Structure formats: C-alpha cells, structure tokens
Amino acid sequence: MPSNTPDQIRDILMTVKTIALVGASEKTSRPSHEVMEFLQNQGYRILPVNPRLAGKTLLGETVYADLHGLPEPVDMVDLFLAPERTDAVIDQAIELNIPVVWLQIGVINDEGSARAEAAGLKVVMDRCPKQEIPRLGIRRVAEQP
C-alpha cells in the first residue's frame with residue numbers, strides 16, 4: 001500500500017536529498033519543469049531523466065537517458081510519465097534499489113507499486129512533492145539538521 005499518510009510523506013521528504021526526476025521537460029510551462037525548479041529551490045539535488053533530452057542541460061543539471069545512466073545513487077525517483085509508461089522505470093528503480101518511488105498526481109500503477117513495495121521500496125502515488133512540502137510545513141533540505 002503506497003506511503004500516502006502525512007507522516008510517511010513527511011518522513012520521505014525530510015530524508016531524501018537526491019531525486020531522479022523522470023519525464024523532465026525543458027518547457028517551462030510543464031509541471032515537471034516547475035516541480036524540478038521548486039525542488040531545487042528547496043535544496044534537493046535533482047537529476048533530470050528524459051531520453052529525448054539526454055546530454056543536454058536542464059536547470060543547471062545534465063539530463064540522463066534513464067536511471068542506469070545516472071552518475072550517482074539517488075534517494076528517490078519522481079515519475080512524470082503516463083501510467084502505462086511507468087513499469088520499466090519502476091523495474092529499474094527496483095533493480096537499482098532506489099529507496100523511494102514517487103508517482104505524480106494522476107500517475108496510478110497499482111501493480112507496479114505492489115512490485116516496488118514487495119522489493120522493499122517505499123511508494124507514494126497520486127501526490128506531488130511541490131504540494132506536499134508546503135502543506136506539511138517542511139523546511140528547505142539545506143535548513144534541516
């Protein structure tokens with residue numbers, strides 16, 4: 001069952017430091033771009049993932065084609081993908097033992113969520129960290145002890 005209680009979400013957002021944002025966009029009007037910028041401003045390190053933009057720079061970070069191409073481990077993968085496109089990324093997260101899989105608002109994959117949880121990963125589904133951080137009163141990562 002996804003980790004969607006306020007306490008579970010607060011714990012996740014206060015623990016993670018580095019996030020792979022899958023479905024990152026160079027278009028400033030896209031929610032993935034807005035969320036990436038917001039999370040960076042909150043002190044998180046964001047590694048954008050989008051095969052179409054791989055090798056380019058987005059908000060000061062190199063874009064990677066997939067999770068296997070990331071240059072360092074991440075604490076969470078945030079998915080901005082259509083639900084039917086999330087299985088492969090969830091499977092990569094399981095393989096790489098990324099502790100948290102976060103599926104954005106409207107991104108529902110019950111089977112993929114169950115697979116990730118069975119592998120020991122935490123899953124948040126149908127939520128957005130840009131909304132949860134102010135709602136839960138979470139301070140910037142850089143300000144946390």
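A: In this predicted model, Asp78 is buried but forms no salt bridge. The nearest side chain of opposite charge belongs to Lys130, which is 12 Å away. A salt bridge needs the nitrogen and the oxygen within 4 Å. The side chain of Asp78 does make a polar contact, at 2.8 Å, with the side chain of Gln104. Apart from neighbours within four places in sequence, the residues in contact with Asp78 include Ile19, Ala20, Leu21 and Val22. Val35, Leu39, Trp102 and Pro129 are also among them.

Asp78 has its place in strand β5. This strand, residues 76–79, pairs with β6 in the parallel sense over four bridges. Together, β5, helix α3 (residues 87–95) and β6 make a right-handed β-α-β unit. From β6 the chain crosses through helix α4 (residues 110–118) to β7, and this β-α-β crossover is right-handed too.

Strand β6 spans residues 100–103. Val100 and Trp102 point one way from β6, while Val101 and Leu103 point the other way. All four of these residues are buried. On β7 (residues 122–125), the pairing with β6 is parallel and runs over four bridges. There, Met125 stands opposite Leu103.

Although Asp78 has no salt bridge, the structure holds ten of them. One joins the side chains of Arg52 and Glu26, at 3.2 Å from N to O. Arg52 lies in the loop between β2 and β3 and Glu26 in the loop between β1 and α2, so this pair ties together parts that are 26 residues apart in sequence. Arg52 is exposed, with a relative accessible area of 52%, whereas Glu26 is partly exposed at 35%.

Another salt bridge is made by the side chains of Asp87 and Arg115 (3.0 Å, N to O). Asp87 is in helix α3 and Arg115 in helix α4, and the pair links these distant parts of the chain, 28 residues apart. The relative accessible area is 32% for Asp87, which is partly exposed, and Arg115 counts as partly exposed at 31%.

The salt bridge between Glu132 and Arg135 has an N to O distance of 2.4 Å. Both residues lie in helix α5 (residues 129–136), three residues apart, or about one turn of the helix. Glu132 is buried, with a relative accessible area of 4%, while Arg135 is partly exposed at 47%. Elsewhere, salt bridges that share partners join Arg45, Glu61 and Glu72 into one network.

Technical notes. Residues numbered from 1 in each chain as written. Predicted model: local features only at pLDDT ≥ 70, side-chain atom pairs only at ≥ 80, totals over all residues. Heavy atoms only, no water. Buried < 20%, exposed > 50% of the residue type's maximum accessible area, 1.4 Å probe, protein only. Helix = DSSP H or I, 4+ residues; strand = E, 2+ residues; numbered from the N terminus. Pairing = 2+ DSSP bridges. Right-handed = clockwise from strand over helix to strand, strands pointing away. Lys, Arg positive; Asp, Glu negative; His and termini not counted. Polar contact = N/O pair within 3.5 Å; in protein donor to acceptor, adjacent residues only side chain to side chain. Contact = heavy atoms within 4.5 Å.
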